Amino acid sequence: MTIPVRTLGVRAVSPLDQFPEIGRRREQLLKDVFPTSCDLEFYAIITQVCVHEHERAEVIEDFDTLFRLSGEPTGRNLDRTRAHLKVTEGSKRIKPAVATELLNSMSPSRHVLIRCWEDPNSYVWQVPGEAFFRARDMLKVLPHPFGEFEVTDEGGAWFMRIVDDDPLIFLQAHSKLGRRLIDLAPSEVLHVQPSIRYRW
C-alpha cells in the first residue's frame, strides 16, 4: 500500500544523537529510553509473535497465550516470559479497537511523527495516522522499515517505541488512555512497570 509519507529529514547519525547500538539497548530499562514524566504510565502492545518451542513454531497475537506458553499464566511477568521464550517477530499489526482509540486521542491532529534510527542514517517522517495504524504491517508502509522507531502524535498525547525485530510495542501515555486501551483489548495491551527491560 502506498501512503503519502512526508520526509522531514534524513541525515547521518552523529554521536550527539546519544542513541546506543541496538545490542546495548537490550540492557536498558523502559525508563531509560522514554521521556521523563511522572504523569505518564507505560504499556506494552503485543503484535504478531512467533513462539519457537520443541522444534515447532506457534503464531500468537495475545498476552494470555504468551504467558500460558511461558508458564506464567497468573503472574504475567513480562521479563520472566521474555527470558524463557524464544520468539521471532511477525507483522507489526495492532487490533482495530486499539488503532481507533489511538487515532481518537490524536484529535485534532491527524498525523504521526516518526523518527527512525538505523546506522548510518536517521530519518524523520510525517505519516497520516489512519494509514499507519490501520496497516497490516505498520513498518511496511514506511520508506525505510528497518531499525528502531520513535512515534508520537503532533499534539504529544502519547509516545511510542517500536523495534523492527521485537514483537512488543511500548507506549507511554496518560493512565486514562491506557485504561481505555486495556478495557478495549485486555489480551493485547498490558500495563507494565518502567523498571522492565526495553528489549526482548
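Q: How many salt bridges are there, and what makes a contact count as one?
A: The count comes to nine salt bridges. The rule asks for a side-chain nitrogen of Lys or Arg within 4 Å of a carboxyl oxygen of Asp or Glu. This is a predicted model, so local features need pLDDT of at least 70 and side-chain atom pairs count only at pLDDT 80 or more, while totals for chains, interfaces and linings use all residues. Residues are numbered from 1 along each chain as its sequence is written, and side-chain values use heavy atoms, with hydrogens and water left out.

Q: Why is the contact between Glu150 and Arg115 called a salt bridge?
A: The closest N and O atoms of Glu150 and Arg115 are 2.7 Å apart, and the limit is 4 Å, so the pair qualifies. Strands here are DSSP runs of E with at least two residues, helices are runs of H or I with at least four, and both are numbered from the N terminus.

Q: What else does Glu150 pair with?
A: Glu150 also meets Arg161 in a salt bridge, at 2.8 Å from N to O. Arg161 lies in strand 9 (residues 158-163) and Glu150 in strand 8, so this pair ties together parts that are 11 residues apart in sequence. Both Arg161 and Glu150 are buried.

Q: Why does the pair Asp137 and Lys140 still count as a salt bridge?
A: The N to O distance is 3.9 Å, and the rule says within 4 Å, so the pair is in. Asp137 counts as buried at 14% relative accessibility, whereas Lys140 counts as exposed at 62%.

Q: What makes strand 6 and strand 7 a pair?
A: Two strands pair if DSSP finds at least two bridges between them. Strand 6 (residues 111-118) and strand 7 (residues 121-128) have eight, in the antiparallel sense, so they pair. In this pairing, Ile114 stands opposite Trp125 in strand 7.

Q: How do you know that strand 6 also pairs with strand 8?
A: Six bridges join strand 6 to strand 8 (residues 148-153), and the two run antiparallel. Val112 stands opposite Asp153 in strand 8.

Q: Why is the pair Phe63 and Phe67 called stacked?
A: Rings of Phe, Tyr and Trp (its six-membered ring) pair if their centres lie within 6.5 Å; planes under 30 degrees apart count as stacked, over 60 as edge-to-face and the rest as tilted. Phe63 and Phe67 have their centres 5.9 Å apart and their planes at 20 degrees, so the pair is stacked. Being four residues apart in helix 3, Phe63 and Phe67 are separated by about one helical turn. Phe63 counts as buried at 0% relative accessibility, and Phe67 is buried with a relative accessible area of 0%.

Q: What makes Tyr123 and Trp125 a stacked pair?
A: Tyr123 and Trp125 come in at 5.6 Å centre to centre, with 15 degrees between the planes, so they are stacked. Both Tyr123 and Trp125 are buried.

Terms used:
Buried means under 20% relative accessible area, exposed over 50%, partly exposed in between (1.4 Å probe, protein chains only).
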